[in-house]
Amino acid sequence: MITSTDFRTGLTIEIDNGVWQVVEFQHVKPGKGAAFVRTKIKNVETGAVVERTFNPNEKMPAARLDTARMAYLYEADGMYTFMDNETYEQMELNKEQLGDALNYLKENMEVAIQSFKGRVIGITLPNSVDLAVTECEPSVKGNTATGATKMATLETGYAVRVPLFINEGDVLRIDTRTGNYIERA
């Protein structure tokens, strides 16, 4: 059991049968009244961020997240298959479990799959991925001085804003945390 005075950024706790991660915390000692801990916590499954206060002696269980390094193999009938690189066990996940990660997922990509009590709650991608441009407007010479952008469709079907000098067939580095173009790979 953890008390709220033990909070630190990144700590995962169990509240109301859900898994929450401490994003921010602050110990507050007002001039009048009892001290308390003001926190910002994020639901690991849904991504919802909530502000909540705790009494300093309030206890809650620590959430134990299991993380497995797995490689993405293929998609069949809306199910995405991953394989553990050490034990060769395979796991299937659906679109809802993967969420926005589908925009960046390529075959043979290594990812970290997080589970809580045997239930998959999230997937962690590398910070950036290299994806090929499959469709975009052709670039026009002389249009690059303004910093303007255009839309480009990548090999996963994800559409991203890119500079005007990008052409079909270029391989781009995309930030998986923000979904933005970084550079040509």
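The questions and answers below go through parts of a predicted model.

Me: In which sense do strands S8 and S9 pair, parallel or antiparallel?
Reply: Strand S8 covers residues 79-84 and strand S9 covers residues 90-94. Five bridges link the two strands. The sense of the pairing is antiparallel.

Me: Which residue in S9 is the bridge partner of Tyr 80?
Reply: S8 spans residues 79-84 and pairs with S9. For Tyr 80, the bridge partner in S9 is Leu 93.

Me: Which residue in the hairpin of S8 and S9 takes a positive phi?
Reply: The hairpin has five residues between its strands. A positive phi near 65° occurs in this hairpin, and the residue that takes it is Tyr 88.

Me: Is Met 60 buried or exposed?
Reply: Met 60 belongs to strand S6, residues 59-60. Its relative accessible area is 4%. Buried means under 20%, so with 4% Met 60 is buried.

Me: How far apart in space are Met 60 and Ser 4, C-alpha to C-alpha?
Reply: In sequence, Met 60 and Ser 4 are 56 residues apart. In space, the C-alpha to C-alpha distance between them is 8.1 Å.

Me: Does Glu 14 count as buried or exposed?
Reply: The relative accessibility of Glu 14 is 17%. The cut-off for buried is under 20%, so at 17% Glu 14 counts as buried.

Me: Which element supplies the largest share of the lining of the largest pocket?
Reply: The largest pocket has a volume of about 840 Å³. Its lining has 29 residues, and Lys 42, Val 44, Gly 122, Ile 123 and Thr 124 are the closest to its centre. Helix H1 (95-98) and strand S11 (119-124) each supply at least two lining residues. The largest share, five residues, comes from S11.

Me: How many charged residues does the lining of the largest pocket have?
Reply: By class, the lining has 10 nonpolar and 14 polar residues. The number of charged residues in the lining is five.

Conventions
Residues are numbered from 1 along each chain as its sequence is written. This is a predicted model: local features need pLDDT of at least 70, side-chain atom pairs count only at pLDDT 80 or more; totals for chains, interfaces and linings use all residues. Side-chain values use heavy atoms; hydrogens and water are left out. Two strands pair if DSSP finds at least two bridges between them. Helices (H or I, at least four residues) and strands (E, at least two) are DSSP runs, numbered from the N terminus. Buried means under 20% relative accessible area, exposed over 50%, partly exposed in between (1.4 Å probe, protein chains only). On a 1 Å grid over the protein atoms alone, a cavity is a set of points where a 1.4 Å probe fits but cannot get out, and a pocket is an open set with protein on both sides within 12 Å along at least five of seven lines; lining residues have an atom within 4 Å of a point. Grid points are joined across faces, edges and corners, and a volume is the space filled by probe spheres set on the points. Ala, Val, Leu, Ile, Met, Phe, Trp, Tyr, Cys and Pro count as nonpolar, Asp, Glu, Lys and Arg as charged, and the others, Gly among them, as polar.
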